[in-house]
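Here is a short briefing on one protein model. Look at the chain first, then read the points below.

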Amino acid sequence: MTTSALIMLIVQVLGALALFLFGMKYMSEALQRLAGPSLRSVLSSFTSNRFKAVLTGTFVTSLIQSSSATTVMVVSFVNAGILNLSNAIGVIMGANIGTTITAWIITLFGIKVDIAVYSIPIIGLGFICMMLRNKKIQHIGEFVLGFGLLFLGLTFLKDSLSDLDLANNPQFIAFIQQFIAVGENTIAFPTILLFVLIGTILTLILQSSSATMAVILVLCSQGVIPFEIAVALVLGENIGTTITANLAAIIGNTTAKRAARSHFIFNVIGVCWVLAVFHPFVNIIDALTIKIDGVSAYASALAVPTALSLFHSFFNITNTCLLVGFIPQIEKMTNFLVKKNTQDEEIFKLENIGTNFMKTGEMNVEIAKKEIIVFSKRMIRMYEFLPVLLNDTKANSKEYEELLRRIQRYEELSDRMEIEIANYITTMT
């Protein structure tokens with residue numbers, strides 16, 4: 001293959017991934033707009049204890065197909081005092097289970113049964129619905145269009161990777177074979193760790209666990225990478241997706257950081273115990289795959305997507321069942337890692353705006369409400385200084401000067417906050 005042909009294939013793969021991600025994002029945001037108020041009601045009403053919180057997180061994330069969006073809503077409710085951090089961690093655990101539905105959708109509708117031929121008609125149907133005046137039907141049309149784009153992108157991804165023909169490339173086969181123990185047909189533990197790291201880095205680069213899972217499933221279905229290596233990549237993907245949230249939370253408030261850290265702690269603990277029992281756990285998944293597909297994932301590449309989807313689901317369900325009883329300990333760890341912000345409240349910092357990972361009108365309204373409440377509290381605090389200032393008989397004292405300085409500082413803060421909030425509301429879609 002010439003260099004120019006290779007570059008063109010890489011560009012095609014990137015374009016296919018971009019189309020897949022756009023379809024996923026468009027579909028998810030349409031569902032949020034369609035059921036935004038209801039989802040907020042579910043999150044605030046059905047999270048009274050950790051077990052209900054887990055079920056709620058699973059349900060909401062399965063519905064909107066975005067654990068990031070679920071996290072945004074969780075952080076918003078914690079900031080408002082509607083949801084405590086303990087129950088928020090439970091919702092995040094449930095979100096991990098809900099996000100495994102994506103792998104099953106790709107496996108069942110993108111690999112097992114190829115619905116690519118229906119992608120264009122689906123996109124056309126979605127576009128027609130979007131042209132109608134009824135808002136609800138428009139949102140349904142957006143969802144349908146996103147669904148079609150998702151599988152069209154997946155089809156292009158499969159075709160592009162198939163053109164690389166890695167399964168029959170002697171150099172690539174030799175590269176993979178060096179990681180497999182001769183005579184044992186198993187992957188050495190250091191190699192497992194290496195591919196966990198690769199999966200983490202790949203997810204960081206793509207900034208989407210769904211895209212990473214799509215690439216892994218397509219490569220496995222084409223016989224490019226063996227089952228155990230694919231499992232290691234999925235474990236890395238579970239770590240990588242939490243790092244993305246932590247990076248996004250850097251500009252967020254203390255609660256956002258703690259929520260992101262709890263997600264990271266939860267997934268890392270899960271990856272650690274799975275690595276400790278890696279081969280027995282993978283063998284159990286393979287036994288289940290044989291019962292479903294009638295063939296082992298070690299023997300047939302066509303069985304690997306089912307096995308990976310099973311592994312992804314069983315890993316997150318088992319991890320949640322094991323750790324749901326340790327939510328108080330995880331909360332303590334997050335409190336230890338992220339100290340309460342003791343900075344002077346007079347330092348300008350928007351507490352809610354900037355913590356939203358996904359830009360949707362429904363969530364923007366909720367975030368703007370929270371910021372206006374913070375703005376109001378600061379203004380009340382400023383006016384509390386006035387009686388003290390008026391009653392101070394020592395007009396030239398240090399205390400008097402300090403109060404004047406603080407009132408002036410609060411006035412400057414109020415002006416800046418007012419402008420930032422107004423700009424945010426103006427740019428909301």
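Which residues have the most contacts inside the largest nonpolar core? They are Leu157, Ile225, Phe227, Leu235, Leu308 and Phe311, in a core of 53 residues. This is a predicted model: local features need pLDDT of at least 70, side-chain atom pairs count only at pLDDT 80 or more, and totals for chains, interfaces and linings use all residues. Residues are numbered from 1 along each chain as its sequence is written, and side-chain values use heavy atoms, with hydrogens and water left out.

**The whole chain**
- The protein chain has 17 helices and zero strands. Helices (H or I, at least four residues) and strands (E, at least two) are DSSP runs, numbered from the N terminus.
- Of its 429 residues, 51% count as buried. Buried means under 20% relative accessible area, exposed over 50%, and partly exposed in between (1.4 Å probe, protein chains only).
- The accessible surface comes to about 20,200 Å², and carbon and sulfur atoms hold 66% of it. Such areas come from the Shrake-Rupley method with a 1.4 Å probe; for residues, only the protein chains shown count as cover.

**The nonpolar cores**
- A nonpolar core is a set of buried Ala, Val, Leu, Ile, Met, Phe, Trp, Tyr and Cys residues joined through side-chain atoms within 4.5 Å.
- Phe311 touches Val231, Val234, Leu235, Val274, Phe281 and Ile285, not counting residues up to four places away in sequence. Contact means heavy atoms within 4.5 Å.
- Ile225 sits in the loop between α10 and α11 (227-248). At 9% relative accessibility, Ile225 is buried.

**Helix α10 against helix α14**
- Helix α10 (residues 209-221) and helix α14 (residues 304-323) pack at about 145°, with axes 8 Å apart. Axes are lines fitted to C-alpha atoms, for helices over the stretch in contact, and angles run from 0 to 180 degrees between N-to-C directions.
- From α10, the contact uses Met213, Ile216, Leu217, Cys220 and Ser221. From α14, Val304, Pro305, Leu308, Ser309 and His312 take part.
- By class, this contact has seven nonpolar, three polar and no charged residues.

**Asn319**
- Asn319 lies in helix α14. Asn319 is buried, with a relative accessible area of 0%.
- Asn319 touches Phe266, Gly270 and Trp273, not counting residues up to four places away in sequence.
- Asn319 and Ile97 are 222 residues apart along the chain, yet their C-alpha atoms are separated by 9.4 Å.

**Helix α15**
- In helix α15 (residues 327-337), Ile327, Ile330 and Thr334 are buried. Seen down the axis, the buried residues of α15 fall within an arc of 60°, so they line one face of the helix. The arc is that of the directions from the helix axis to the C-beta atoms.
- On the other side of α15, Lys332 and Phe336 are exposed.

Technical notes. Ala, Val, Leu, Ile, Met, Phe, Trp, Tyr, Cys and Pro count as nonpolar, Asp, Glu, Lys and Arg as charged, and the others, Gly among them, as polar.
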